[in-house]
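This report describes a predicted model of a protein with a ligand.

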Amino acid sequence: MKKKVLLLGAPGSGKGTQAKYLSSEFGYIHVSMGDLLRAEVEQKTTLGLEAKSYMDHGALVPDIVVNNMVVKKLSELSDVSYLLDGFPRTIPQAEFIAEKGVQFDKVIYFSIALETVLDRMAGRLTCKACGASFHAKYNQPKKDMICDLCGEKLVIRDDDKPETVKRRFETYLSSTQPLLDFYKKQDLVAEIDAEQPIESIQSQVKAQLE
Ligand code: AMP
């Protein structure tokens, strides 16, 4: 059966890393709103230029922009299992997607403390080409500054600076955390302690999706 899964959690909680694992092991299509937006920024499209100013400040890009993007993307994915990572991020976005007929089968919530997020993001290395992330200390790439998955160069994201990370975390608490109750009411949430080592998280995430 085709599954629709939402990965919910603060920036730096490891959603992206788990999404890469699930897509390579089980064939889920990984839809990362952050990656879609960064691709627009990279290509300097009108949408990308508008989004960049919000992203650089750790703020959310307006709903109207991301809602249109997600509708376009999901229309290409009617017959596959997919993971949404980074959308919805607000209650209005969640209501919007429900109105569009998207009903999640599972919401995986990665819980984590701000101190851990700050520590992780301080050394985060990201692949611009495929979106994979590594860590200078906790999840080193096999070759220095080269992506294990696609061989491209790794970079430090513009919005991974400590001040911006703090603001992104605050934005998460005020706008995104309320989604937890929203989906708990629908009995969809599986909570995972995102402070554990990557491998233990992997096996718990896997168990939730079996
Ligand atoms: P991420 O890679 O998921 O941490 O996203 C990076 C940035 O993209 C966020 O800090 C926001 O500025 C923007 N962004 C990603 N997803 C959304 C969304 N659903 N709604 C609004 N802004 C978003």
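The ligand has 16 residues around it, and R38, A59, G86, R89 and R168 come nearest. By class, the shell divides into eight nonpolar, five charged and three polar residues. Helix α2 (residues 33-42) supplies the largest share of this shell, four residues.

| Residue | Atom of the residue | Atom of the ligand | Distance |
|---|---|---|---|
| R38 | polar side-chain atom | oxygen | 2.9 Å |
| G86 | backbone N or O atom | nitrogen | 2.8 Å |
| Q93 | side-chain N or O atom | nitrogen | 2.9 Å |

On its own the ligand has 490 Å² of accessible area, and the protein covers 96% of that area.

Five strands form an open sheet in the order β2-β3-β1-β4-β8, and their pairing is parallel. The edges are β2 (29-32) and β8 (189-193); each has a single partner strand, so one side of each is left without a neighbour in the sheet. Direction ignored, neighbouring strands of this sheet are turned against each other by 20 degrees on average.

Helix α2, which contributes four residues to the ligand shell, lies across β2 and β3 and runs at about 65 degrees to β2. Helix α9 (residues 198-209) also packs on the sheet, where α9 touches β1 (4-9), β4 (106-111) and β8. The direction of α9 makes about 160 degrees with that of β4.

Note on methods
Residues are numbered from 1 along each chain as its sequence is written. This is a predicted model: local features need pLDDT of at least 70, side-chain atom pairs count only at pLDDT 80 or more; totals for chains, interfaces and linings use all residues. Side-chain values use heavy atoms; hydrogens and water are left out. A residue is near a molecule or strand if one of its heavy atoms lies within 4 Å of it. A polar contact is a pair of N or O atoms within 3.5 Å; within protein, one must be able to donate a hydrogen and the other to accept it, and residues adjacent in sequence count only if both atoms are side-chain atoms. Accessible areas come from the Shrake-Rupley method with a 1.4 Å probe; for residues, only the protein chains shown count as cover. Helices (H or I, at least four residues) and strands (E, at least two) are DSSP runs, numbered from the N terminus. Ala, Val, Leu, Ile, Met, Phe, Trp, Tyr, Cys and Pro count as nonpolar, Asp, Glu, Lys and Arg as charged, and the others, Gly among them, as polar. Two strands pair if DSSP finds at least two bridges between them. Axes are lines fitted to C-alpha atoms, for helices over the stretch in contact, and angles run from 0 to 180 degrees between N-to-C directions. Contact means heavy atoms within 4.5 Å.
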